[in-house]
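Please walk me through this structure chain by chain, in plain terms. I would like to know how the chains are built and where they touch.

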Amino acid sequence: MLRFLVKKLPSILLVLFATSIIAFLLPRFAPGDPAQTIAGPDATAEQTEAIRQSLGLDRPLFVQYLTWLGGVLRGHLGTSYIFNRSVSDLILSRMESTIELAVLASVFMILIGIGLGVLGGSTRSRPGRMAVDTANTLLLATPAFLVGLLLIVLLGVTWRLLPVSGEVPLSENPEIGIQYLLLPALALGLAHAPSISRLLQTTMRSTRGEEFVDLARAKGASPRRITFRHVLRTSLGAAVVAIGIRVGELFGGAIIIEAIFARNGLGQLAVQSVNARDYQLVQILVMGAVLVAVLSQLVTELILAALDPRVRLDA
Amino acid sequence: MRNNDVTTMGAAPPTDTPPTDTSARPAPRTRTPGGNATVRRYLAAFRTPRGVIGLTILAVLLLTAVLAPVIFPHGYDQQTADSLRGSSGRHLLGTDELGRDLLVRTVYGLRTDFSIIVVAVPLSMIAGTALGLVGALSRVAGAVVQRVLDIILGFPGVVLGVCVVLIMGPGWSALVVAIAIGGLPYFGRQARAALLEQMGREYVVAARTLGVGKGAVLWRHILPNAVDPILVGGAIFVVVAVFIEAGLSIIGLGIQPPTPSLGSLLNVGIRFIEQSPMYILGPTAVLILLSMSFSLLADALNETVIRK
Amino acid sequence: MSTEPLLRVHDLEVTFDLQDEQLKAVDGVSFDVRPGRILGIVGESGSGKSVTSRAIMQMIRHPGKVTGGEVRLNGRDLLRLNEKEMLAVRGKEVAMIFQDPQAALNPVMRIKDQVVEALHIHGVDSATAQARALELLEQVGIPNVPEAARKFPHQFSGGMRQRVVIAIALANNPSLLIADEPTTALDVTIQAQILDLLRRLRDELGVAILFITHDMGVVAELCDDVVVMHLGRIVERGPVRKVLTAPEDPYTIGLMDAIPKMDSPLRDDAPEQEHTVLEVRELKTDVNTARPGWFRKPKPFYAVNGVSLEVRAGETLALVGESGCGKSTLSRTVVGINEPAGGEILVNGTAVSARSDEQRRALARTIQYVFQDPYSSLNPRRTAGQSLEEALRIAGVPRADVRDRSVELLERVSLGPQYLDRYPWAFSGGQRQRIGIARALASDPRLLILDEPVSALDVSIQAQILTLLTDLQKTFDLAYLFISHDLAVVREISHRVAVMNHGEIVEQGTTEDVFENPQHPYTRTLLTATPDLDKAIA
């Protein structure tokens with residue numbers, strides 16, 4: 001297992017390294033004076049000059065990068081000149097909301113995705129398949145924000161069952177908090193579920209044609225046993241990889257869902273920082289998003305290795 | 001591998017080998033050479049139930065969008081005094097906060113979306129495919145390209161969009177660039193997978209041993225066999241592209257109001273969701289229809305064209 | 001001999017409901033299997049033999065359906081049982097062994113768990129099942145059972161996997177074992193071991209075996225009785241000895257004629273000339289490209305390790321060996337698909353390499369390659385004519401002459417001009433292989449490398465292609481490097497033989513010398529393992 005990790009490490013580091021360069025270059029690519037850009041439009045000349053000094057903008061690009069990266073690695077994430085707070089403070093204060101959303105959404109996504117996938121991959125009857133296929137096609141055609149909007153209109157505006165705007169942290173009041181969390185998480189999870197279910201479904205259907213499934217039948221195994229012990233068990237790897245990619249996308253999707261449901265999470269922070277051109281903040285958020293995506297893929301590869309001895313033992 | 005059963009078992013879809021006359025298939029349906037057979041396979045895809053539904057929806061949407069200036073000659077900016085009204089005989093989908101007809105704005109919004117798709121998706125498809133196939137000409141270049149694509153893949157779609165918007169400023173061109181870049185790893189990987197699969201095929205090896213040049217092998221043998229999955233991927237990617245446009249516009253980083261796009265209409269619509277839930281109905285419905293038509297077409301192509 | 005049949009198949013009919021037609025895959029098949037006997041069902045691809053065996057277990061794949069007849073096991077008609085009752089029969093009374101042991105085991109379950117499952121399903125308690133599983137693995141000859149039982153399928157070789165599949169089949173002491181081409185995917189030496197095992201199990205356990213195969217040699221070695229199937233019907237039946245020595249049905253007679261025999265006369269047309277077309281000196285090929293780490297160099301693995309041989313004008317040199325011995329890598333190195341790591345390749349006496357397209361083109365004028373799998377060696381998107389055109393253009397034929405030359409090439413392989421505009425899917429396997437040969441002839445080469453050119457084909461087609469090759473050789477004075485694992489085929493087509501094992505040539509000589517008086521122990525093992533039709537029934 002350790003060997004497997006070590007093998008994966010170089011490509012992960014490469015992605016992170018490239019991301020850090022892109023994040024570093026973002027304010028410098030933007031038109032105009034980077035110091036002015038970073039300080040924001042309302043900054044005074046002295047403030048801009050102070051930024052130029054503290055970031056060493058007069059030094060060579062390479063040195064600037066090393067200084068900046070060194071700072072980030074040591075936890076000095078910088079100061080947002082627009083919010084006038086340290087970036088780490090800002091991020092920490094918004095983190096709970098986004099994590100709650102992403103975790104619950106992932107749970108929805110995995111449950112619905114695998115559930116639908118197994119249903120589609122094991123139904124033999126034509127109408128059953130048609131139903132699952134239709135559900136998949138519809139869900140695939142509906143992105144998270146649309147699911148969100150529909151949920152808002154139906155459950156929030158028409159029937160008023162659940163709150164659709166704002167939030168209460170679970171740590172403060174779990175009972176109310178979950179009510180605020182339920183719809184956005186469902187929207188996010190539901191929209192990402194079909195790509196998992198589709199993949200699982202096709203993998204299961206093609207696995208059914210494998211000879212070891214025939215062997216299981218020849219053993220006298222019941223259809224139920226064949227589906228779960230043999231077909232699903234060997235197809236799960238594909239689903240796990242899909243889940244890994246989706247979890248990363250889910251964090252990205254949270255930006256839009258938070259906007260729709262007026263949740264004050266990292267996504268909203270990202271939108272505000274982009275609109276305000278708060279580069280110090282954006283840099284860190286971009287790197288964070290990529291880090292989460294890369295890590296979630298790594299975790300799923302580890303799970304995959306645990307599931308499949310061929311991956312585990314040959315690595 | 002000694003007898004025919006082996007090869008058939010390996011290659012055929014999971015049906016038991018039905019008895020086929022080994023001497024020859026007696027009467028192959030007469031086919032003319034060249035592109036005709038390919039065209040016919042695609043036509044067959046459009047005759048499946050999914051193909052018909054997908055194509056019909058797409059045709060209606062496309063026609064409406066193209067003919068928008070003819071159908072609604074007054075443009076999308078005509079204001080009236082009736083703001084935020086529901087459906088009525090004069091305004092089928094109601095009006096927006098400035099009293100503009102929402103049906104007109106939705107149609108013009110669809111036009112914007114089509115204009116983005118038409119540019120961004122083929123761009124991404126061609127560039128991505130080319131990048132994925134680079135490996136056929138030079139192994140080193142292929143490996144480098146794969147690394148670059150891995151890096152792009154590390155960025156979730158919206159985050160990539162945010163980065164592009166930061167550099168280019170929000171608007172039509174930023175969306176096109178964001179979508180085109182976002183699709184690169186998607187098409188690149190598909191092309192590379194097809195490439196690797198084809199490189200192992202004996203007819204490719206046969207051509208190589210004949211002394212056919214790398215470029216000719218790529219053009220004559222690999223590309224034609226790689227094109228189907230990439231076209232299916234293209235249809236699927238249109239859906240992703242529409243989502244990216246709408247997503248970025250909703251958070252205010254895409255098409256900027258008052259220019260209508262499906263996303264920018266939703267952006268404003270959400271603010272008035274309590275007063276006029278009708279507002280988002282048009283763009284939502286069109287968005288779902290648009291993405292559904294392409295995913296149905298992708299399904300139809302996938303079934304008829306690839307499973308052969 | 002016991003009189004009551006264990007299994008009585010009567011008038012069985014299986015129909016495939018295809019889109020445009022109803023296809024009767026099995027049409028009125030009847031046979032009996034008696035306790036403790038081995039019945040062979042032999043036939044070429046598409047004869048319906050596999051479908052018949054699946055029908056017995058009610059495991060026919062969609063869109064096949066049993067449309068008539070009876071399958072009585074100990075008097076009870078299995079076709080009248082519902083799926084639930086059938087579950088109790090499968091694996092308990094009738095068990096099955098599959099063709100491809102690689103695919104037949106669940107890749108993510110430990111070996112022992114897969115055996116235990118078979119017992120568990122039929123109500124054996126856990127502790128008993130565990131002990132019995134080890135006992136079974138021991139019985140089928142898995143070495144070091146306690147450790148092996150914990151392994152996963154991919155850690156075993158093909159032969160060992162097939163033993164595990166057999167252990168699973170035997171778990172509940174079934175009275176009937178259905179074996180569907182169980183040795184087809186295996187090398188001959190492994191095949192011999194598996195056949196031994198089956199014979200031993202029959203003797204020890206008294207289990208009856210229904211053995212499906214395309215290989216008459218295997219039938220001769222293993223079976224007591226045989227039925228011959230052709231296009232869904234049984235054309236001949238009887239004791240093995242009788243059917244093989246005195247076949248009555250025309251189809252069986254033709255089939256028996258087509259099979260290369262180990263006692264048929266050798267070729268006596270060895271060319272007089274001494275001109276060497278291809279010479280390979282001390283050739284080495286490294287096939288390990290997997291890098292263990294980012295900065296470590298891969299450890300070389302020489303699939304071809306210091307091989308020297310020569311092929312003279314007009315002769316056939318056969319390169320024989322089992323899978324993984326390096327025979328294909330050797331031939332691929334000669335034409336430049338793999339890069340040599342050492343040694344020399346001489347064509348017409350001059351050293352060549354095939355690194356650039358230019359060099360390949362030059363080489364291709366003398367040496368051409370024919371591939372094993374006729375289904376994959378033609379581009380599905382190009383007509384036969386287009387495939388030939390490409391080869392002809394490269395060989396320098398002017399565009400205006402291409403069509404005429406293509407027709408000429410097709411005629412050389414006994415195909416008419418009407419085939420030019422057809423796509424590969426419209427051809428049978430044998431026809432595709434003919435087109436592959438025609439393509440190779442485009443540049444008027446002096447040497448053809450034939451890489452298992454008939455091993456994917458049915459016996460009757462195989463015989464036709466071998467005849468074609470012999471004719472072409474005589475007409476055009478072609479030299480062949482004929483790569484094969486099948487000794488009987490090699491014996492029929494070759495003038496000289498080189499035996500390859502673990503990347504090295506262990507023995508080389510005239511066909512007569514190698515077959516009649518083998519020197520190397522490995523050659524002897526190969527020869528003993530090859531099922532010998534005539535010795536078995538003599």
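Chain A contains 13 helices and two strands. The model is a predicted one, and every value below is computed from it. Along its principal axes, the C-alpha trace of chain A spans about 80 × 55 × 35 Å. Of its 315 residues, 46% count as buried. Among the contacts in chain A with a separation of 6 or more, 72% come from residues 24 or more positions apart.

Helix α4 of chain A covers residues 61–73, which makes 13 residues. At 1.5 Å a residue this helix should span 18 Å, and because its end C-alpha atoms are 18 Å apart, the two values agree. The expected span is 1.5 Å times one less than the number of residues. After α4(A) comes Gly75(A), which has a positive phi, near 95°.

Chain C has 21 helices and 20 strands. Its C-alpha trace spans about 70 × 55 × 45 Å along the principal axes. A compact globule of 538 residues would have a radius of gyration near 24 Å; chain C has 25 Å, so the figure agrees with that of a compact globule. Of the 538 residues of chain C, 53% count as buried. Where contacts in chain C link residues at least 6 apart in sequence, 70% of them join residues at least 24 apart.

One of the pairs is Val9(C) with Phe31(C), its bridge partner in β2(C).

Next is an open sheet in chain C, built from six strands in the order β6-β7-β8-β3-β9-β10, with mixed pairing. Its edge strands are β6 (94–97) and β10 (233–239) of chain C, each of which pairs on one side only. From one strand to the next, the twist averages 15°. Strand β3 (residues 38–42) of chain C runs parallel to strand β8 (residues 208–213) of chain C, and five bridges join them. Here Gly40(C) stands opposite Phe211(C) of β8(C).

Chains A and C touch each other. Which chain gives 19 residues to the contact, and which gives 26? Chain A gives 19 residues and chain C gives 26 residues. On the side of chain A that touches chain C, the elements that give two or more residues are α9 (211–219), α10 (223–260) and α13 (309–314) of chain A. Of these, α9(A) gives the most, with seven residues. By class, this side of chain A has seven nonpolar, four polar and eight charged residues.

Val148(B) lies in helix α6 of chain B, which covers residues 139–154. Is Val148(B) buried or partly exposed? Val148(B) counts as partly exposed because it has 15 C-beta neighbours inside 10 Å, whereas a buried residue needs 20 or more. Val148(B) and Leu131(B) are 17 residues apart in sequence, and their C-alpha atoms are 10.0 Å apart in space.

Terms used
Residues are numbered from 1 along each chain as its sequence is written. Chains are lettered from A and ligands numbered from 1 in the order in which they are written. This is a predicted model: local features need pLDDT of at least 70, side-chain atom pairs count only at pLDDT 80 or more; totals for chains, interfaces and linings use all residues. Two residues are in contact if their C-beta atoms, placed from the backbone, lie within 7 Å. Helices (H or I, at least four residues) and strands (E, at least two) are DSSP runs, numbered from the N terminus. Ala, Val, Leu, Ile, Met, Phe, Trp, Tyr, Cys and Pro count as nonpolar, Asp, Glu, Lys and Arg as charged, and the others, Gly among them, as polar. Two strands pair if DSSP finds at least two bridges between them. Axes are lines fitted to C-alpha atoms, for helices over the stretch in contact, and angles run from 0 to 180 degrees between N-to-C directions. A residue is buried if 20 or more other C-beta atoms lie within 10 Å of its own, exposed if 12 or fewer, and partly exposed in between; C-beta atoms are placed from the backbone. The radius of gyration is taken over C-alpha atoms; the globule rule is 2.2 Å times the number of residues to the power 0.38.
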